[in-house]
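Please keep the sequence and the model in view while reading.

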Amino acid sequence: QVRLVESGGGLVQAGGSLGLSCAASGGIFSINAMGWYRQAPGNQRELVAVIRSGGSTNYADSVEGRFTISRDNAKNTVYLQMNSVKPEDTAVYYCNVRVAIDVYEYDYWGQGTQVTVSS
């Protein structure tokens, strides 16, 4: 069974930095992409950043230039480095892994980790 374990959330002051990690294990054969989503109370879940198997990345406009996504394929781990954080970055952050089987794709999710940015 595929499991995603997140770590690194917490409280940080505006302008500071925080790093998130997500390690995938169990029954993983081919990962098409890994990414981070976030959801704040009253808001829809939104894509923060994604990195594909070939290494290309995409970022939400609100975080581009401040956040960096990276991965270690050997460890099946994805990271999110958050710099110059703002109070509006406060949310629960979820790790996502997209696994390919034949022509189909399946999504797996981490448990979520709270990031709170104080002003």
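## A strand end and a surface patch

Ile101 belongs to strand β9, which covers residues 91-101; strands (E, at least two residues) and helices (H or I, at least four) are DSSP runs, numbered from the N terminus. The model is a predicted one, in which local features need pLDDT of at least 70, side-chain atom pairs count only at pLDDT 80 or more, and totals for chains, interfaces and linings use all residues. Residues are numbered from 1 along each chain as its sequence is written, and side-chain values use heavy atoms, with hydrogens and water left out.

Ile101 counts as partly exposed because its relative accessibility is 44%. The term "buried" stands for under 20% relative accessible area, "exposed" for over 50%, and "partly exposed" for what lies in between (1.4 Å probe, protein chains only). Together with Val103, Tyr104 and Tyr106, Ile101 makes a nonpolar surface patch of about 450 Å². Patches consist of residues with over 30% relative accessible area and no salt bridge; nonpolar side chains (Val, Leu, Ile, Met, Phe, Trp, Tyr) are joined within 5 Å and like charges within 9 Å. The areas come from the Shrake-Rupley method with a 1.4 Å probe, and for residues only the protein chains shown count as cover.

## The nonpolar core

In soluble globular proteins, nonpolar side chains tend to be buried together. Here the largest nonpolar core has 29 residues, and Trp36, Leu80 and Tyr93 have the most contacts inside it. Such a core is a set of buried Ala, Val, Leu, Ile, Met, Phe, Trp, Tyr and Cys residues joined through side-chain atoms within 4.5 Å. Among the elements that give two or more residues to this core are β3, β4 (31-39), β8 (77-82) and β11 (113-118). Strand β9 gives the most, with five residues.

Leu18 is placed in strand β3 (residues 18-25) and is buried, with a relative accessible area of 15%. Beyond its neighbours within four places in sequence, Leu18 is in contact (heavy atoms within 4.5 Å) with residues including Gly8, Leu80 and Val115. Leu80, with neighbours within four places again left aside, touches Leu18, Trp36, Phe67 and Tyr93, among others.

## The disulfide

How many disulfides does the structure hold? There is one, where the term means a pair of cysteine sulfur atoms within 2.5 Å. Cys22 and Cys95 form the link, with their sulfur atoms 2.1 Å apart. Cys22 in strand β3 and Cys95 in strand β9 are 73 residues apart, and the pair links distant parts of the chain. The link is left-handed, with -85 degrees about the S-S bond. Cys22 is buried at 0% relative accessibility, and Cys95 is likewise buried at 0%.

## Salt bridges

Side chains of opposite charge can pair when their charged atoms come close. The structure holds five salt bridges, each being a side-chain nitrogen of Lys or Arg within 4 Å of a carboxyl oxygen of Asp or Glu. Arg38 meets Glu46 at 2.7 Å, N to O, and Arg38 also meets Asp89 at 3.0 Å. Asp89 lies in the loop between β8 and β9 and Arg38 in strand β4, so this pair ties together parts 51 residues apart in sequence.

Both Asp89 and Arg38 are buried, whereas Glu46 is partly exposed at 33%. Arg38, Glu46, Arg66 and Asp89 are linked in a network of salt bridges. Another salt bridge joins Asp107 and Arg98, whose closest N and O atoms are 2.9 Å apart. Asp107 is partly exposed at 35% relative accessibility, and Arg98 is partly exposed at 31%.
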